Amino acid sequence: MWLIYALGGGWGHLTRAIALARIAQRDRPVRILTNSPYAGIADSLPGFDMVALDARAPAEQTRAAVTREIAESRPSCLIVDTFPRGIGGELAGVLGKLPARKVLVHRDLNPRYVAAARLREFVAAHYEMVLVPGAGEDYGVPAVLPPVRLPAARPSALHVTDPWLVRCAGEIPDRGRVKELLRMEPNEERCILVCASGKEEELDWYGAVVSELIERSAVAVRCVAAERPPRCPEACWVRYWPAMDLFGCAAAVVGGAGYNTVEECVAWKVPLLARPWPRAYDRQELRAQRASVRGRVTVVKEVEEAARAAIAQVGEGPAGLPEFVNGAEEAVERIGGLTLRS
């Protein structure tokens, strides 16, 4: 069994884990360990073996639960998303004793954390493979894992794949179904889609954008979110996941600059007005700036700025279904090759 460690809260770690697990579980059992408060919503993609820890539990309780779950699962491969030592450092005392292959999924991290946690030495000592889910996330890799410094006895490898997405290109619903999900009128072909995710206090900003768009825009406005933001009318709110299913009817997307929102919009070639939010480990502003070279990503900060920029994109959205490579396919192949080694 493969066990995917996807702790850290929010959508990012959980969605990457599901993107990988959907493909990996075709050939072996896969379990996801998460503390995301959205684990229940993710059940809209059924068939996952998911252990959802209490998102509000004290850190000590979470660390104990993680240690216990790893011991009881007895995985043949442990895949750790983003945090080599675990979100609370609990993996430091586990990895050396665990008779399993260890794979790290490297997402861009704040270099201050990398240095303070001595991640370069830790990764070299404990992980046999590092996967980077998209070229935009390889920033800082040398600081975490310089391949020339790895002990020669370990079969360690660094692989940069295409971005990992929760859908492959052939799985996107057709436009008719998307219009139904968005409750669009028959004569409405496009909408401006606000993807409201992140911390509870950030929902006010998204709600204000929705309100501003309704006042200024002649096209439909929809907001996809787990909970309805303040100032967002009930008629505009859509509780649906994964949001990338809906992008075929979006003239523009207003969202954060987290991994999934950025990579999904780039894959769809839909304009993204990205509002970077401060995070302890994730550098959203840098991600958005780097993505602007690959796709139609524009950094915004103010509510009025986001609304004006989104309206300016109306009529310029994607045509037809997207064509992209889901890097999770290659990632599964790489991990599978590692686990087959004697």
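Trainee: Which backbone nitrogen does the side chain of Q284 reach at 2.9 Å?
Mentor: That of W277, at 2.9 Å. Such a polar contact is a pair of N or O atoms within 3.5 Å; within protein, one must be able to donate a hydrogen and the other to accept it, and residues adjacent in sequence count only if both atoms are side-chain atoms. Bear in mind that this is a predicted model, where local features need pLDDT of at least 70 and side-chain atom pairs count only at pLDDT 80 or more, while totals for chains, interfaces and linings use all residues. Residues are numbered from 1 along each chain as its sequence is written, and side-chain values use heavy atoms, with hydrogens and water left out.

Trainee: What lies 3.2 Å from a polar atom of the Q284 side chain?
Mentor: The backbone nitrogen of A257 lies at that distance.

Trainee: And where does Q284 lie, and is Q284 buried or exposed?
Mentor: Q284 lies in helix α9, residues 284–294. Helices (H or I, at least four residues) and strands (E, at least two) are DSSP runs, numbered from the N terminus. With a relative accessible area of 6%, Q284 is buried. Buried means under 20% relative accessible area, exposed over 50%, and partly exposed in between, with a 1.4 Å probe and protein chains only.

Trainee: Which residues is Q284 in contact with, leaving aside its neighbours within four places in sequence?
Mentor: They are G256, A257, G258, R275, P276, W277 and R279. Contact here means heavy atoms within 4.5 Å.

Trainee: Let's switch to α2. How many residues has α2 got, and how far does the helix reach?
Mentor: Helix α2 runs over residues 59–73, which makes 15 residues, and reaches 21 Å from its first C-alpha to its last, close to the 21 Å expected. The expected span is 1.5 Å times one less than the number of residues.

Trainee: Which of its residues are buried?
Mentor: In α2, T62, A65, V66, E69, I70 and S73 are buried. Seen down the axis of α2, these buried residues fall within an arc of 130°, so they line one face of the helix. The arc is that of the directions from the helix axis to the C-beta atoms.

Trainee: What do the buried residues of α2 pack against?
Mentor: Four strands: β1 (2–6), β2 (30–34), β3 (49–52) and β4 (77–81). On the other side of α2, E60, A71 and E72 are exposed.

Trainee: Which residue follows α2?
Mentor: R74, and its phi is positive, near 50°. Most residues other than glycine have a negative phi.

Trainee: How many residues of β4 are buried?
Mentor: 5 of its 5 residues are buried. C77, I79 and D81 point one way from β4, whereas L78 and V80 point the other way. In a regular strand the side chains alternate between the two faces of the sheet.

Trainee: What does β4 pair with?
Mentor: β1 pairs with β4 in the parallel sense over 4 bridges, with I4 opposite I79. Strand β5 (residues 101–105) pairs with β4 in the parallel sense over 5 bridges, and V103 in β5 stands opposite I79. Two strands pair if DSSP finds at least two bridges between them.

Trainee: Which residues of the largest nonpolar core touch the most other members?
Mentor: Out of 67 residues, they are I32, I79, W164, L182, L193, F247 and V253. Helix α1 (residues 12–24) gives the most to this core, with 8 residues. A second, separate core of 25 residues includes A196, W205, V221 and W277. A nonpolar core is a set of buried Ala, Val, Leu, Ile, Met, Phe, Trp, Tyr and Cys residues joined through side-chain atoms within 4.5 Å.

Trainee: What order do the strands take in the open sheet of 6?
Mentor: The order is β10-β9-β8-β11-β12-β13, and the pairing is parallel. β10 (237–238) and β13 (297–299) are the edge strands.

Trainee: Last topic: which residues does the cis peptide bond join?
Mentor: W241 and P242, with omega about 0°. P242 is found in the loop between β10 and β11. Also look at R231, whose phi is near 70°; R231 is exposed, at 58% relative accessible area. K269 has a positive phi too, near 65°, and lies in the loop between α8 (259–268) and β12 (272–275).
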